[in-house]
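Here are my notes on this model, written as numbered points. Please keep the structure open while you read.

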Amino acid sequence: MSWLINSSIGRKFIMSISGLFLILFLIFHMLMNLVMVFSMDAYDMISEFLGANWYAIAGTLVLAAGFIVHILYASLLTLQNQKARGNDKYAMSNTKDASWTSKNMYVLGFTVLAFLALHMIQLWYNMQFKELIGAPDAISKGSELVVPLFKNIYYVIIYLVAFAALWLHLTHGFWSALHSVGWNNTIWMKRLQNLSYVVASIIVAGYAVVPIYIYFFYQLPI
Amino acid sequence: MDIDINIKVKVWRQKGPKEKGHFEIYELKNISQGSSFLEMIDILNEQLINGGEEPVVFDHDCREGICGICSLYINGYPHGPDEDITTCQLHMRKFNEGDTITIEPWRSAGFPVIKDLMVDRTAFDTIIQAGGYVSVNTGGAPDANSLPIPKHNAEAAMDAAACIGCGACVAACKNGSAMLFVSAKVTQLALLPQGRTEAMKRAKSMVAKMDELGFGNCTNTGACEVECPKNISITNIARLNYEFLNAKIRD
Ligand code: HEM
Ligand code: FES
């Protein structure tokens with residue numbers, strides 16, 4: 001199994017599988033969020049259900065492992081690639097046809113990571129983590145945190161910017177991940193690239209709906 | 001209409017592999033737009049020799065786009081600003097009166113500079129030696145149709161075989177990756193029955209050699225495909241990934 005770290009295609013394979021796993025998670029998480037648009041009570045039921053119990057914790061650990069693997073490999077690949085490129089830079093380079101996104105996956109990934117840190121502190125820490133350590137002020141009803149958060153325009157904007165970075169990451173990431181595992185050919189290339197835009201847009205729209213809905217339309221019960 | 005133009009060229013000069021390089025600007029008068037880019041460098045070198053200076057070292061051989069030895073990063077493009085041609089096929093009519101043309105060597109850790117514009121591309125030969133062949137003599141050309149090959153396979157193999165191994169893909173890649181080259185060499189054999197038998201073994205050994213030589217990890221940016229003078233498609237890379245992963249999973 002050492003080829004998964006020693007060979008370039010093995011490393012890409014891990015990158016691809018971990019990326020696709022994170023996409024699956026994103027879809028799952030998005031569907032849960034969307035419940036808020038229909039019923040806050042239903043959403044609170046889900047968030048209570050995913051508190052500090054063994055299946056929610058197991059899920060969290062697997063997810064964290066997915067993120068860690070993806071980020072470690074991303075850093076490893078980026079470092080190795082800079083080394084392979086060498087220190088001599090071109091005085092003039094006009095090869096701009098390759099998309100900006102594809103060349104800046106690490107930058108975009110880091111934007112997502114910075115957002116992730118904020119997001120974990122704001123929500124996960126106050127909910128699952130506090131419940132786990134038995135803190136008395138742990139919150140189990142998600143809406144108690146989410147609604148005030150998105151009544152604040154600054155946080156709405158920060159979240160939307162992060163979603164934009166995620167959108168870019170996914171427009172390249174989705175087809176690239178399939179390409180990395182060998183699932184591509186001349187006929188499917190254009191289709192997969194277009195499909196990437198569809199997948200990225202659906203995911204990001206699903207996330208963006210919630211802060212926008214809460215900020216503009218949701219009335220706090222009196 | 002082709003006219004004669006006066007230009008400046010900004011050329012990378014580097015005495016040796018270990019030496020520090022720098023740019024030097026030379027003026028050239030009355031260059032015919034009908035001449036080729038390499039003829040322009042020949043004229044420059046004649047001018048330098050007559051002036052008692054060292055000529056610019058650059059790679060060239062067939063000068064008809066088939067041998068793959070010419071290189072050069074011209075005005076920020078591997079093989080110059082024209083589409084789908086090699087540097088030796090580039091003409092001066094792509095440039096105008098008064099232009100300053102920047103000429104650099106391939107820059108990638110895998111291709112160290114030997115002198116001036118000449119880089120060491122031995123790494124590609126080493127990768128080919130690691131498996132880019134068919135081990136047994138498969139005899140002369142068989143009768144047509146005695147060995148049926150689907151047309152789309154024959155065409156994809158021929159398209160991949162168009163790779164001349166010039167290294168523009170590595171030169172253009174932000175990751176210094178040689179995947180387009182290796183994938184073309186793996187594909188041209190994997191799609192035909194004579195090469196199919198060893199296809200998985202070949203993918204493994206060529207990729208191992210490529211990694212060992214320090215080429216980067218492909219991140220599917222597609223810059224290589226855009227700059228390739230022979231239009232090699234990055235879908236070959238997907239095929240290489242498939243061959244390699246398939247081989248490893250069966251191990
Ligand atoms: C929800 C979060 C994320 C998702 C869904 C995701 C998804 C993906 C996918 C599908 C790929 C394509 C894999 C391939 O080309 O084979 C990818 C590539 C990449 N990701 Fe992420 N990613 C996420 C977060 C991050 C983070 C936090 C970082 C870095 C700090 C990161 C850095 C990268 C890099 C550098 C690549 C390109 C690597 C390469 O192609 O070799 N990603 N991502
Ligand atoms: S000199 Fe042979 S391809 Fe350019």
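1. Is Ser18(A) buried or exposed? The model is predicted, so every value here is computed from predicted coordinates. The cut-off for buried is under 20% relative accessible area. Ser18(A) has 6% relative accessibility, so Ser18(A) counts as buried.

2. Stay with Ser18(A) for a moment. This residue is found in helix α2 of chain A. A polar atom of the Ser18(A) side chain lies 3.1 Å from the backbone oxygen of Met15(A). Now set aside the neighbours within four places in sequence. Ser18(A) is then in contact with Gly66(A), Val69(A) and His70(A). Remember His70(A), because that name is also on the list of residues closest to ligand 1.

3. Next, chain A as a whole. Its secondary structure comes to nine helices and zero strands. Along the sequence the pattern reads α-α-α-α-α-α-α-α-α. The C-alpha trace spans about 65 × 40 × 35 Å along its principal axes. Chain A has 222 residues, and 45% of them count as buried. Consider the contacts in chain A between residues at least 6 apart in sequence. Of these, 75% join residues at least 24 apart.

4. Now the ligand. How many residues surround ligand 1? There are 24, and the closest are Lys12(A), His70(A), His169(A), Ser176(A) and Ser180(A). Residues from chains A and B take part, so the site is shared between chains. By class, the shell has 14 nonpolar, nine polar and one charged residues.

5. Which parts of chain A supply this shell? Helices α2 (8-38), α4 (54-85), α6 (105-132) and α8 (153-180) of chain A each give at least two residues. The most come from α2(A), with seven residues. Ser18(A) is found in that helix, α2 of chain A.

6. Look at the polar atoms around ligand 1. A polar side-chain atom of Lys12(A) lies 2.7 Å from an oxygen atom of ligand 1. For His70(A), an N or O atom in the side chain is 2.9 Å from a nitrogen atom of the ligand. For His169(A), a polar side-chain atom lies 2.8 Å from a nitrogen atom of ligand 1.

7. Then the aromatic rings. The count comes to 26 aromatic pairs over all chains. One of them joins Tyr73(B) and Trp106(B), edge-to-face, with 6.4 Å centre to centre and 90° between the planes. This pair links distant parts of the chain, 33 residues apart. Tyr73(B) is in strand β3 (residues 73-74) of chain B, while Trp106(B) is in the loop between β5 (100-104) and β6 (113-115) of chain B. Both Tyr73(B) and Trp106(B) are buried.

8. Ring pairs link Phe115(A), Phe150(A), Tyr159(A), Phe163(A) and Tyr207(A) into a cluster. Find these five residues in the view and follow the cluster.

9. Where does Arg191(A) lie? Arg191(A) is over the face of Trp188(A), at 4.9 Å from the ring centre. In chain B, Arg107(B) lies over the face of Trp12(B), at 4.1 Å from the ring centre.

Terms used:
Residues are numbered from 1 along each chain as its sequence is written. Chains are lettered from A and ligands numbered from 1 in the order in which they are written. This is a predicted model: local features need pLDDT of at least 70, side-chain atom pairs count only at pLDDT 80 or more; totals for chains, interfaces and linings use all residues. Side-chain values use heavy atoms; hydrogens and water are left out. A residue is near a molecule or strand if one of its heavy atoms lies within 4 Å of it. A polar contact is a pair of N or O atoms within 3.5 Å; within protein, one must be able to donate a hydrogen and the other to accept it, and residues adjacent in sequence count only if both atoms are side-chain atoms. Helices (H or I, at least four residues) and strands (E, at least two) are DSSP runs, numbered from the N terminus. Ala, Val, Leu, Ile, Met, Phe, Trp, Tyr, Cys and Pro count as nonpolar, Asp, Glu, Lys and Arg as charged, and the others, Gly among them, as polar. Rings of Phe, Tyr and Trp (its six-membered ring) pair if their centres lie within 6.5 Å; planes under 30 degrees apart count as stacked, over 60 as edge-to-face and the rest as tilted. Buried means under 20% relative accessible area, exposed over 50%, partly exposed in between (1.4 Å probe, protein chains only). A charge sits over a ring if NZ of Lys or CZ of Arg is within 6 Å of the ring centre and within 35 degrees of the ring normal. Contact means heavy atoms within 4.5 Å.
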